[in-house]
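Student: Could you show me how to read a protein structure one feature at a time, with the general idea before the particular case?

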Amino acid sequence: MRLLILSDIHANLEALEACLDAAPEHDQVYNLGDIVGYGANPNEVTERSRDLGSIFVRGNHDKACSGVSDLADFNPIAGLAALWTRQKLAPDHLEFLRELPQGPLAPMANVQLVHGSPRDEDEYVLMASDAYLLLAQATAPLIFFGHTHVQRCFLLDASKGPGKSLVPAYKQPRGKQSVKLELKPDTRYMVNPGSVGQPRDNDPRAAFLLYDTEENSITFHRVPYDIERAQEKIIAAGLPERLAARLAEGR
Ligand code: ZN
């Protein structure tokens with residue numbers, strides 16, 4: 001089976017469409033949450049995500065924008081965007097977001113899907129040291145997570161211990177690029193596909209991942225998209241300008 005793994009789309013329709021256009025053939029979509037929040041197209045992106053279907057895990061912005069959680073943990077810009085999104089969302093999309101399940105989910109025996117981490121749906125796993133602790137306690141050898149908006153793979157070898165965390169290396173980041181990684185036996189992985197709609201790893205291109213269960217491989221992808229159009233919509237919507245600027249910076 002070939003699984004398209006998307007995370008942190010954040011209501012960025014241009015980025016989502018670019019990813020779907022570039023995505024290799026696949027059987028199902030796993031969506032790791034934060035469908036909305038920040039971007040100017042929450043209804044269009046929620047609708048497209050629902051059409052793509054398959055398995056969803058809720059993100060902190062999905063919770064805040066649908067009223068499941070309050071905005072206490074949000075910075076002022078994120079809070080403003082969440083309130084704007086809540087007002088814009090059509091009732092049935094609001095309902096869909098409100099009902100999204102909390103991770104971890106186990107769509108197959110060896111895989112877990114989470115937004116933040118297996119122990120806390122809102123935890124940011126940025127540091128390798130945090131990832132190794134989680135991997136040591138993991139109940140599945142392959143965990144897909146989002147939330148940090150950073151494309152990354154942490155791994156723990158059963159005999160050799162922590163491996164070097166893998167950052168997909170794109171020589172001269174430009175155009176569409178992909179990096180494939182064969183998964184090894186007796187190794188546990190925490191893999192972040194990166195963010196579709198608001199990358200924060202200094203690469204402004206939209207990010208996603210393909211997991212091929214037969215090959216036992218993951219392929220990281222980056223694709224350019226119409227950033228200017230996404231920015232114009234954010235400004236036109238009256239959302240904070242910083243949300244437009246950061247798209248071009250990839251942070
Ligand atoms: Zn997010």
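**Reading the sheet, a helix and the metal site**

Tutor: Let us begin with one pairing in this predicted model: strand β5, residues 111-113, is joined by three bridges to strand β6, residues 142-144, and the two run parallel. Within this pairing, Leu113 stands opposite Phe144 of β6.

Student: In what order do the six strands of the open sheet lie?

Tutor: In general, strands of a sheet pair through backbone hydrogen bonds, and they do so either parallel or antiparallel. Here the order is β4-β5-β6-β10-β7-β8, with mixed pairing. The edges are formed by β4 (105-108) and β8 (161-162), each of which pairs on one side only.

Student: How many bridges join β6 to β10, and how many join β7 to β10?

Tutor: Between β6 and β10 there are three bridges, and these strands run parallel, with Met190 of β10 as the bridge partner of Ile143. Between β7 and β10 there are six bridges, and these strands run antiparallel; there, Arg188 in β10 is the bridge partner of Leu156. Because five of the six residues of β10 are buried, this strand is largely enclosed by the rest of the structure. Helix α6 (residues 128-136) lies across β7, β8 and β10, and it runs at about 50 degrees to β7.

Student: Which residues are the protein donors of the zinc ion, and why is their arrangement irregular?

Tutor: For comparison, the ideal angle for four tetrahedral donors at a metal is 109.5 degrees. The zinc ion has as its protein donors Asp8 (OD), His10 (NE2), Asp34 (OD) and His149 (NE2), which lie 2.1 to 2.3 Å from it. The arrangement is irregular because the four donor atoms subtend angles of 84 to 176 degrees around the zinc ion. His10, in the loop between β1 and α1, and Asp34, in the loop between β2 and α2, are 24 residues apart, so this pair links distant parts of the chain. Both His10 and Asp34 are buried.

Definitions and conventions:
Residues numbered from 1 in each chain as written. Predicted model: local features only at pLDDT ≥ 70, side-chain atom pairs only at ≥ 80, totals over all residues. Heavy atoms only, no water. Pairing = 2+ DSSP bridges. Helix = DSSP H or I, 4+ residues; strand = E, 2+ residues; numbered from the N terminus. Contact = heavy atoms within 4.5 Å. Axes fitted to C-alpha atoms, helices over the stretch in contact; angles between N-to-C directions. Donors = N, O, S within 2.8 Å, 3.2 Å for Na, K, Ca; no water. Tetrahedral: all angles 85-135°; square planar, octahedral: opposite > 155°, others 65-115°. Buried < 20%, exposed > 50% of the residue type's maximum accessible area, 1.4 Å probe, protein only.
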